[in-house]
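Visitor: I would like to learn how to read a few features of a protein model. Please show me the model, then take the features in turn.

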Amino acid sequence: MTKYIGILTSGGDSPGLNAAIRGVGKAALNHYGMQIIGFRDGFRGLMENRIMRLDGGELSDILTRGGTILGTSRDKPHRMPVGGKLLDMTDVIVGNYHDNHLDALVCLGGGGTQKNALRLKEKGLNVITLPKTIDNDVALTDITFGFDTALGIATDAIDRLHSTAHSHHRIIVVEIMGHRAGWLALGAGIAGGADVILIPEIPYEVASIAEAIRERSRRGKPFSIVAIAEGAISKQEHADMLTAQKKKANSKQKSGKKAEAEDAPETLYAEKTVRLAKQLELLTGLESRITILGHLQRGGIPSAADRLLATRLGTACTDLIHQGHYGVMVAAKGDGTRAVKLEEVAGKVKTVPPDHPWVLSARHVGTNMGD
Ligand code: F6P
């Protein structure tokens with residue numbers, strides 16, 4: 001019997017999404033003789049039943065394209081902005097799934113998407129997810145697609161900043177995305193030879209960074225590149241955060257309310273980066289500048305590695321649908337893939353262990369990690 005698949009992309013876009021849509025779709029149509037439709041703009045499009053046909057030429061010529069042909073949004077089924085209010089639209093979504101006679105729904109997304117997919121699984125839908133995000137912070141997968149492309153862009157930026165920092169004897173603080181994980185800043189910082197790398201997992205001390213930069217000046221290198229993850233925090237901010245979290249947990253316990261983990265992106269990152277650059281200028285006497293890479297890191301064509309990964313995960317996803325194996329995320333595992341139960345991955349974030357081999361390598365080549 002022909003199987004019917006729905007597919008959507010949710011959360012921030014990421015290079016490789018189109019390659020994954022193509023991988024799922026071409027394997028479904030050509031290899032297994034299934035039918036596939038897309039929903040536009042994430043869970044919102046599924047809720048509004050906005051469909052994109054994917055059975056014509058739509059899957060051709062998209063392998064190398066950035067973004068997502070389906071469009072995306074950060075809307076969640078159970079907290080959907082509708083008419084100025086946040087409403088639980090899960091039942092409408094479940095209804096549309098059945099009205100479209102779907103046998104499976106494929107959701108391409110990051111950490112938030114895994115949680116939303118699990119909620120739909122609990123409503124009885126056959127859901128499968130693929131891990132995408134430039135942040136590489138999805139648990140239980142070796143890597144997420146989008147990360148390699150962003151890593152290349154951020155590394156290229158650091159390379160370019162080196163020559164201008166060198167010419168002007170300046171500090172350049174470059175802010176790199178990654179939400180609350182340091183993978184992107186750490187990877188690009190190492191690959192680009194940043195002198196200082198600051199990640200959320202290792203709170204920093206401005207005095208330590210300034211001393212490392214002054215030491216470079218004493219050794220005849222009066223310029224430095226500081227790669228800072230957007231979520232990096234100082235030791236003081238870390239201590240304040242712990243106190244605030246404790247207070248919040250206590251008051252939630254008293255009021256009996258369940259704490260909901262926050263998926264929304266932060267807005268104050270840039271301010272922290274500007275403040276750090278000013279502090280370093282004062283403490284070192286070197287002029288400083290900032291560069292915020294922002295959404296440049298999510299744009300443009302996916303790298304070869306991301307196209308390969310997204311295609312591998314996409315086709316493996318269709319294999320699982322063929323086998324009737326649902327309720328899982330298709331994770332990357334070495335050269336292959338493995339199916340991880342959504343219950344195991346939802347709500348978890350893969351951060352950088354402070355003793356991770358990348359951190360040790362960075363320290364061994366003399367990089368200051370801010371601590
Ligand atoms: O999760 C990907 C990501 O690019 C993060 O690195 C960043 O914090 C966030 O999304 C930015 O989100 P938005 O595009 O909604 O501003």
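Guide: Start with exposure: a residue is buried under 20% relative accessible area, exposed over 50%, and partly exposed in between. The model here is predicted.

Visitor: Is Asp61 buried or exposed?

Guide: Asp61 has a relative accessible area of 72%, so it is exposed. Asp61 lies in the loop between β3 (51–53) and β4 (80–82). Its phi is positive, about 65°, although Asp61 is not a glycine.

Visitor: Which loop holds Asn136, and what is its phi?

Guide: Asn136 sits in the loop between β7 (127–131) and α5 (147–168). Asn136 is not a glycine either, and its phi is positive, near 55°. With 4% relative accessibility, Asn136 counts as buried.

Visitor: What share of the residues in the protein is buried?

Guide: Of the 371 residues, 51% are buried. The accessible surface comes to about 16600 Å², and carbon and sulfur atoms contribute 53% of that surface.

Visitor: How many helices and strands does the protein have, and how compact is it?

Guide: The protein has twelve helices and 13 strands. Its radius of gyration is 22 Å, close to the 21 Å from the globule rule for 371 residues, so the protein is as compact as a globular protein of that length. The C-alpha trace spans about 75 × 55 × 35 Å along the principal axes.

Visitor: What part of the contacts links residues 24 or more positions apart?

Guide: Among contacts with a separation of 6 or more, 75% are between residues 24 or more positions apart. Contact here means heavy atoms within 4.5 Å.

Visitor: How far apart are the mean positions of the positive and negative charges?

Guide: The mean positions of the 46 positive and 41 negative charges are 3 Å apart.

Technical notes:
Residues numbered from 1 in each chain as written. Predicted model: local features only at pLDDT ≥ 70, side-chain atom pairs only at ≥ 80, totals over all residues. Heavy atoms only, no water. Helix = DSSP H or I, 4+ residues; strand = E, 2+ residues; numbered from the N terminus. Rg over C-alpha atoms; globule rule 2.2 N^0.38 Å. Buried < 20%, exposed > 50% of the residue type's maximum accessible area, 1.4 Å probe, protein only. Areas by Shrake-Rupley, 256 points an atom, 1.4 Å probe, with all protein chains shown as cover. Lys, Arg positive; Asp, Glu negative; His and termini not counted. Charge placed at Lys NZ, Arg CZ, Asp CG, Glu CD.
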